[in-house]
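User: Got a multi-chain model to go through. Can you walk me through how it is put together?
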Amino acid sequence: MENKKSILFAIIAIVIFIALFTLVEMGLLSRQYMGLLVPICVNIILAVSLNLIVGFLGELSLGHAGFMSIGAYAGCLFTVYANLPPFIEIPLALIIGGLVAALFGFIIGIPALRLRGDYLAIVTLGFGEIVRSVLNSLKIVGGSGGLKGINSGMHKSDYYIVAYIVVIITILVISNFINSRHGRAVKAIRDNVIAAESVGINVVYYKILGFVIAAFFAGMAGVLYGHNIGILKPATFDFNKSIEILVMVIMGSMGNIPGSIIAAIILTVLPEALRFLQDYRMLIYAVALILIMLFSSNPTLIEFRKKIFGKKEKGGK
Amino acid sequence: MKEFITFIQQLINGLSLGSVYALMALGYTMVYGIAKMLNFAHGDIIMVGAYTVSIVCSIAGFSPMAAVLASIVVCTALGVTIEKIAYKPLRNASPLAVLITAIGVSYFLQSVALLIFGSKARKVQSVLNLESVKIGGVDLSGVALVIIFITILIMILLTLFIKCTKVGKAMLAVSEDRGAAQLMGINVNATISMTFAIGSALAAIAGVLFVSSYGYVDPYTGALPGIKTFVAAVIGGIGSIPGAMFGGIVLGIIESLSKAYISTDLADAIVFGVLIVVLLFKPAGMLGKKKITKV
Amino acid sequence: MKLKRIFALLTASLMTFSLAGCGENSGQEVENTDVFKIGGIGPLTGSAANYGISVKNGAQIAIDEINEAGGVNGMKFELLFEDDEKDEEKSVNAYNTLMDKGINALLGATTSGCSIAVSNVSVDDGILQITPSGSAADCTNGVNSFRICFTDPLQGELMAQYISDKGFKNVAIIYNNGDEYSKGVHEAFVEKYKSLGGSVVVDESFTSGDVDFTTQLTKINSSNADCIFLPIYYTDVAYITDQAASLGLKLPYFGCDGWDGVINQLNGDTSNIDGSIFLTPFISTDSDPKVKSFVEKYRELYNAEPDQFAADGYDAVYTIKAAVEQAGGDISNEALISAMTQITVDGITGQMTFDESGEPNKSAKVAIINNGSYIAE
């Protein structure tokens, strides 16, 4: 069964890649959507990694943009100062960004042991704000003016391939983690800490591990973002960015990785697809957000949906 | 001596900033404690309250008092409507789903304000025209004094309301255990709607006093205070009304003193750093009750 | 169960992309030579929306004027403006959207960070990019990028010189640590001012969105500062000067071009800031007939007071027009860019020429606020 799933995943990954590659190379995709490929990938990585914390670990994190920015700055500083060929420089930058972010994931994982729920949420929020405030004042990374001149030498239009590979790695690693023994331990902690502890699950270890893995991938997403845009500004990684990622996770339904992926794609494309609305764009976006939540989470409507489609939806609690 | 006076002045500055946070946090913590949801749109209701004051004041012949009343009416109506349309259908859904809806509502209010009023900050005539009081070289702003007074008054009234009235007790019951409350014959939906109505009315008062002390309102006026208020409510202990007051004032003082004596660049980092340390030692906030989980 | 889900994911992704593909013209459309399309980028929503809206409105006035006068070389001008919310990634998205629509020249982005992000991409396309108000030094790094406004360092130095010449030796500064423009001006100012022998006695910052400045002002009140320099935008200026007045702080203020619009912000009541001096290329009460007609049109159309962003947007369109005229019938990117260094634009922000590095050469005006209006020195 496991094998079957892996093969299926590999086939889907390759099929999507070929489809994408053909679309891009044949020039069938408009520039607007070409330009969205990397942001979509970045958001998928962010949503899937945050899902590990929110959906599987069961902790509300409002500071995911903080991990993203730390990774972005670490990886992009490397690119700015190192002058290596792109195929060495980019993977190295990604790994450096991921590792530095993971280190901070470890640090944030520690208060998570003592705090729960909204109290932990506010620690993660505070963490994100601290990172932004410090980056604003740090001269070496350009302060509020931003870190400029991030150029790996790779052609911009090939960048989506790198981003796609990182997406595949993220999904593989996180879904394997979740389906492994470790993952079951993590879910046990989410469902009942005391019960989990009493059967001998090392809660400390797994909580911190969850934060470290999620931070690692968020850091990589940050590096991708920085290389794609060429400039990093602390203001980008504010509270709203964290919320944006959280919306993707919740809309895709917590603890559901394909859901996160789809929500990330929709929420990246939607604001761009609404450009024709001009000044009313944000208004319609807000309304869409509310409506989607109402339709996807209202118990009565869920019942209704079940009746219509006659399918049993998996009732996860 | 001069340095001491400056220190006192900075403390007072922190106190008046803190009282604004405290006032905003009162309504926030109430919704938070009873309806068990992070109402991210609270800051934006404050913004609507502020705009209402500015519009009513600019119409000739309306007194400031009328503006305050109008603001309370508009915000309460708005709060109840939002609750009906956006939150009530999700009553039994995951709390995080409601959180996202609240964020949607927040964006919605901001966009509507932007479309109607434009993004330029609008100058609002203060409804309180008070001279500042000078005591031994220290300036005490009149508006700040009023805000502190009103905040304390509201805190006391709210506490009394919850402790002594039937509706208040119902709210308390709903916050403790929604299911049990329903079994006892409490109309949970009506109680929560009532909570929103009161919370929004408090937001309106906060909005009025906010523009009275700072003088301007723009569509994003509520955004940053919204976050700070959230922080204040958590420092004090979620759902605790005296805690919200306390948390707001502590937040204001820390912010002001770290700006004055450490670094304005890093003020936000210091505020949140202190917050994290506080929570590590008092995981349920300063005045919050620690819940014991039964197995 | 799982299979079904994955299948659903696959279909959904493919649908999104196929939707994405729908209705696109893949950029290979036949060039319509009757219309010269100018793409604009700036924040139309979000907390920086007033800058983008001003630029858009100002540019639109210029476009309408040009079209009423019969266009250029038989071509009508058209402005396509996209929102970027002052976010670098969205700005690049906006640029790509505009390129799909086949723009001939780019007016933007409005803010510095976005201009830099866009120019990282536009340099490969080689399209003429003119930022009306991106003032960070790096905005004009590309060979294709130019700007209308002053750079931050230049402003900071000019103001340092000016304040020093006026005999103020102890300055207090409040700047926005979260804003690149404010920080850029601040850094250059401090360096220059110190080299001129002045001392910065209070140097305080705040973050975008802050509305309480009493702490910083109390610090200034207890110092020996003889003037206050505020390298920030007018909204924050209004907060600061109001609160300073209620603290009883009465020192002369100096500002930079972000101050333009402050009188309108204060509803015309300048009693707290009379005598304040700031540097600006554009003064809306200027007696120049061009400025007068622009200000009148702006008021009439948008029911608002034009600020410097609007003026920059207006001038940027006329700069593009001048480049098109200079290039003759050739509207290729190369022709337009090489025309840029040969033109002289007599705009409402002063007379400008451009050098190869993309910088404008123009002079600054010193504006004094007096009794509800700006007066040129």
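User: How many bridges join β10 to β14 in chain C?
Analyst: This is a predicted model. In it, 4 bridges join β10 (residues 277-280) of chain C to β14 (residues 365-370) of chain C. The two strands run antiparallel.

User: Which residue stands opposite Ile277(C)?
Analyst: Ile368(C), in β14(C).

User: And what sense does β14(C) take with β15?
Analyst: Antiparallel, over 4 bridges. β15 covers residues 373-376 of chain C. Asn370(C) stands opposite Ser373(C) in that pairing.

User: How many residues sit between the strands of that hairpin?
Analyst: The hairpin of β14(C) and β15(C) has 2 residues between the strands. Asn371(C) takes a positive phi there, near 50°.

User: Switching to the open sheet in chain C. What's the strand order?
Analyst: β2-β1-β3-β4-β5, with parallel pairing. The twist averages 25° from one strand to the next.

User: Which strands stand at the edges?
Analyst: β2 (76-83) and β5 (145-147) of chain C. Each has a single partner strand, so one side of each has no neighbour in the sheet.

User: How many bridges join β1(C) to β2(C)?
Analyst: 8, and the strands run parallel. β1 spans residues 35-42 of chain C. Phe36(C) stands opposite Phe77(C) in β2(C).

User: What lies across β1 and β2 there?
Analyst: Helix α3 of chain C, residues 88-100. It runs at about 145° to β2(C).

User: Now chain B. How do the axes of α5 and α10 cross?
Analyst: At roughly 160°, coming within 9 Å. α5(B) is residues 142-164 and α10(B) is residues 241-261. The two helices are therefore roughly antiparallel. Their crossing is right-handed.

User: Which residues make the contact?
Analyst: From α5(B), Thr151(B), Met155(B), Leu158(B) and Thr159(B). From α10(B), Ile241(B), Pro242(B) and Met245(B). By class, the contact has 5 nonpolar, 2 polar and no charged residues.

User: Last topic: how many residues of chain A are in contact with chain B?
Analyst: 33 residues of chain A, in contact with 37 residues of chain B.

User: Which elements of chain A give two or more residues to that side?
Analyst: α5 (111-114), α6 (117-137), α11 (239-251) and α13 (281-297) of chain A.

User: And by class? What's on the side of chain A that touches chain B?
Analyst: That side has 24 nonpolar, 5 polar and 4 charged residues.

Terms used. Residues are numbered from 1 along each chain as its sequence is written. Chains are lettered from A and ligands numbered from 1 in the order in which they are written. This is a predicted model: local features need pLDDT of at least 70, side-chain atom pairs count only at pLDDT 80 or more; totals for chains, interfaces and linings use all residues. Axes are lines fitted to C-alpha atoms, for helices over the stretch in contact, and angles run from 0 to 180 degrees between N-to-C directions. Angles under 35 degrees count as roughly parallel, over 145 as roughly antiparallel, 65 to 115 as roughly perpendicular and the rest as oblique. A crossing is left-handed if the near helix is turned anticlockwise from the far one by less than a right angle, and right-handed if clockwise. Two residues are in contact if their C-beta atoms, placed from the backbone, lie within 7 Å. Ala, Val, Leu, Ile, Met, Phe, Trp, Tyr, Cys and Pro count as nonpolar, Asp, Glu, Lys and Arg as charged, and the others, Gly among them, as polar. Two strands pair if DSSP finds at least two bridges between them.
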